[in-house]
Amino acid sequence: MTVPSPAPPAPPLLEAREVGKVFGNVIALRGVSMVLRAGEVTCVLGDNGAGKSTLIKILAGVHAHDSGEYLVDGSPVRLGGPREALDRGIATVYQDLAMIPLMSVWRNFFLGSEPVTGPLRRFDVARAKRVAREELRGMGIDIRDVDQPVGTLSGGERQSVAIARAVHFGARALILDEPTSALGVKQAGVVLRHIARARDRGLGVVFITHNPHHAYPVGDRFLVLNRGTSLGRFAKADITREELTSLMAGGAELDHLTHELAHEPGRDGPATAPAPGTS
Amino acid sequence: MTSVPADERLAGAGVLRRLLVRPELGSVVGALAVFAFFSSRSAVFRSADGVANWLDPASTLGIMAVAIALLMIGGEFDLSAGVLTGTTGLVMVTLATRFGWNVWLAMLAGLVPALAIGFLNGLLVVRTRLPSFIVTLGTFLMLQGLNLGLTKAITGTVQVSGLRRAEGYEGARAVLAGSVTAGGVDFRVAIFWWLAVTALATWVLMRTRAGNWIFAIGGDERAARAVGVPAARVKIGLFMTTATAAWLVGSITALRFGSVQAGTGIGQEFIYIIAAVIGGCLLTGGYGSAVGASIGALIFGMADKGIVFAGWDADWFKFFLGAMLLLATLANSLVRRYAEEARR
């Protein structure tokens with residue numbers, strides 16, 4: 001299950017080698033490397049401002065990298081924009097999803113790439129509804145009615161529809177920007193399940209999150225960023241959930257915080273106060 | 001995941017929701033109520049002659065309301081649409097009567113400034129990102145001044161007349177402003193144009209890529225752009241569509257009366273918007289229907305003539321108008337909240 005790549009014949013789908021990005025005099029990213037293989041999930045973890053969004057924007061073609069190399073299918077590229085990334089099968093699902101709440105699921109699903117038929121180039125509504133329904137079912141997404149407005153879906157369902165849409169439109173590499181961050185535990189679970197499902201279909205998934213508890217169960221590789229640099233790359237076999245959590249929170253910093261918080265009630269509050277929780 | 005009874009309950013809510021979120025629902029209920037009310041007051045109102053009578057004002061208003069509805073679904077307003085019906089009519093009648101153009105040719109010539117103004121409105125809105133309310137308020141006032149100034153400069157009065165004597169008038173009138181007799185009752189041809197425009201707009205909205213894009217740019221323009229919808233082109237196209245509708249209505253009105261007042265269409269722009277809103281269009285865009293806008297226009301036609309048939313003072317029309325608008329927007333906002341409400 002956790003074999004560290006037994007001499008793979010095919011080059012990785014995406015690979016970043018020591019990439020860096022500078023905005024004016026701000027170094028947003030410095031010397032970060034990562035690998036994404038088909039059928040695997042690479043998790044990018046980090047706190048706010050760690051450089052996660054800069055990295056995915058380079059991968060998605062929104063920004064060009066200033067140093068290092070970005071390889072797609074083993075050959076170095078410099079993407080001209082998100083459209084070019086899409087043409088290479090790199091799809092990005094951003095937090096805000098690019099879906100229209102008032103429009104139905106099937107209209108959203110095909111927005112911008114509507115199937116047409118006949119001499120009048122009519123929008124093939126029957127096909128759009130059927131395909132949307134099939135694709136969602138294929139991803140195991142249980143939506144009762146593709147006619148309902150996207151606004152009536154829960155956050156997790158919306159993420160799932162966006163993922164299914166990217167998969168349908170030929171994504172080989174799927175970049176998910178904080179898909180679980182705004183969700184409750186149950187909804188996040190639903191989205192994680194769809195990430196696993198996309199992986200099982202042979203896609204490579206880059207999963208950006210600041211929650212190691214979401215990343216660990218589904219990830220094959222982990223990249224931890226802090227203040228624009230890499231804190232380390234790990235295969236799942238090489239790291240435990242606790243180590244990942246501790247690393248992400250800045251190890252010593254977290255220990256210090258734990259220490260500080262643990263002493264707080266004893267110092268200010270009455271000693272007789274009931275314990276706030278039984279952890 | 002959920003138990004079977006819970007799923008069935010949700011499915012039931014889904015059907016109810018689908019019925020309730022039809023944008024036309026409010027206007028259909030309103031139209032039935034208005035029809036029932038005036039029918040009970042006046043026998044003429046519900047007779048075939050009466051129907052033909054109130055379908056007449058509904059038709060030209062309906063053509064405009066449908067075009068405005070498309071634009072509003074796309075998230076924009078056009079306040080210049082009303083006065084543009086005057087502009088196109090004035091161009092047509094002036095060319096035909098002062099310069100001796102054939103009426104058909106003069107009519108086609110009227111389409112040129114209409115499309116240019118529509119394009120300009122659209123371009124200004126897209127490029128400056130100013131609210132279309134302000135941009136088209138500007139063009140509205142400018143056109144109002146132009147209509148009056150040029151008409152006075154050319155004719156010395158505030159109207160251009162004499163179209164009836166122009167070459168090709170009878171033919172053009174028969175096609176656009178004549179009547180069709182069915183069952184001994186004269187129905188205006190404009191009613192059929194109205195139906196055709198409504199059908200075409202509905203088809204575009206529901207069954208073409210452009211329709212999907214119109215809903216999308218009105219619903220969330222940024223998101224629509226992100227998936228490759230050519231938002232600027234769609235918007236400019238919508239403004240040009242409104243202008244084309246204004247040209248059609250301007251031509252119909254000019255052919256019908258044989259003359260055009262310089263002030264034609266002023267004040268109508270809000271009636272179009274009100275009809276579209278009664279028909280379920282949201283002021284914020286992204287939602288609405290062409291059929292609804294047509295039914296909104298129908299309500300207007302019925303109220304306009306119904307008040308006369310009932311023997312009331314026509315002043316009450318405005319009161320009625322305001323009340324309808326308030327009720328419709330209230331119903332729409334409730335529907336929208338229901339449709340957008342996230343399921344927990």
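## A look around A:Arg233

Setting aside neighbours within four places in sequence, A:Arg233 touches A:Ser33, A:Met34, A:Arg221 and A:Leu223; two residues count as in contact if their C-beta atoms, placed from the backbone, lie within 7 Å. Keep in mind that this is a predicted model, where local features need pLDDT of at least 70, side-chain atom pairs count only at pLDDT 80 or more, and totals for chains, interfaces and linings use all residues. As for the labels, residues are numbered from 1 along each chain as its sequence is written, while chains are lettered from A and ligands numbered from 1 in the order in which they are written.

Where does A:Arg233 sit? It belongs to strand S12 (residues 229-235) of chain A; helices (H or I, at least four residues) and strands (E, at least two) are DSSP runs, numbered from the N terminus. A:Arg233 has 16 other C-beta atoms within 10 Å, so it is partly exposed. On that scale, a residue is buried if 20 or more other C-beta atoms lie within 10 Å of its own, exposed if 12 or fewer, and partly exposed in between, with C-beta atoms placed from the backbone. A:Leu223 is 10 residues away from A:Arg233 along the chain, yet their C-alpha atoms are separated by 4.6 Å.

## The four-stranded sheet

Chain A has an open sheet of four strands, in the order S2-S1-S4-S5, with antiparallel pairing. Two strands pair if DSSP finds at least two bridges between them. S2 and strand S5 (75-76) are the edge strands, each pairing on one side only. In general, strands of a sheet pair through backbone hydrogen bonds, either parallel or antiparallel.

Now for the individual pairs. Strand S1 (residues 14-23) and strand S2 (residues 26-36) of chain A are antiparallel, with seven bridges. A:Phe23 is opposite A:Val26 in S2(A), and A:Leu14 is opposite A:Leu36 in S2(A). Their hairpin has two residues between the strands, and there A:Gly24 takes a positive phi near 60°. S1(A) also runs antiparallel to strand S4 (residues 67-72) of chain A, joined by five bridges; here A:Leu14 has A:Val72 in S4(A) as its bridge partner. Finally, S4(A) and S5(A) are joined by two bridges and run antiparallel, with A:Val72 partnered by A:Ser75 in S5(A).

## The six-stranded sheet

Another open sheet in chain A has six strands, ordered S6-S9-S10-S3-S11-S12, and its pairing is mixed. S6 and S12 of chain A are the edges, each pairing on one side only. From one strand to the next, the twist averages 15°. For angles, axes are lines fitted to C-alpha atoms, for helices over the stretch in contact, and values run from 0 to 180 degrees between N-to-C directions.

Within this sheet, S9(A) pairs in the parallel sense with strand S10 (residues 204-209) of chain A, over five bridges. Helix H8 (residues 241-248) of chain A lies across strand S3 (41-46), strand S11 (221-226) and S12 of chain A, at about 20° to S11(A).

## Helix H5 of chain A

How much of H5(A) is buried? The count is 12 of its 14 residues, so this helix is largely enclosed by the rest of the structure. Among the buried ones are A:Gly156, A:Glu157, A:Arg158 and A:Val167. The cover includes strand S6 (90-93), helix H3 (105-109), helix H4 (125-138), strand S9 (173-177) and helix H6 (185-200) of chain A.

H5 (residues 155-168) should span 20 Å at 1.5 Å a residue, and its end C-alpha atoms are 20 Å apart, which agrees; the expected span is 1.5 Å times one less than the number of residues. Just after H5(A) comes A:Gly170, with a positive phi of about 80°.

## Over to chain B

Chain A gives 24 residues to the contact with chain B, and chain B gives 27 residues. On the chain A side, 12 are nonpolar, five polar and seven charged. Here Ala, Val, Leu, Ile, Met, Phe, Trp, Tyr, Cys and Pro count as nonpolar, Asp, Glu, Lys and Arg as charged, and the others, Gly among them, as polar.

In chain B, helix H8 (residues 169-176) has B:Tyr169, B:Ala172 and B:Leu176 buried. Viewed down the axis of H8(B), these buried residues fall within an arc of 75°, so they line one face of the helix; the arc is that of the directions from the helix axis to the C-beta atoms. Their cover includes helix H6 (103-128), helix H9 (189-207) and helix H12 (231-257) of chain B.
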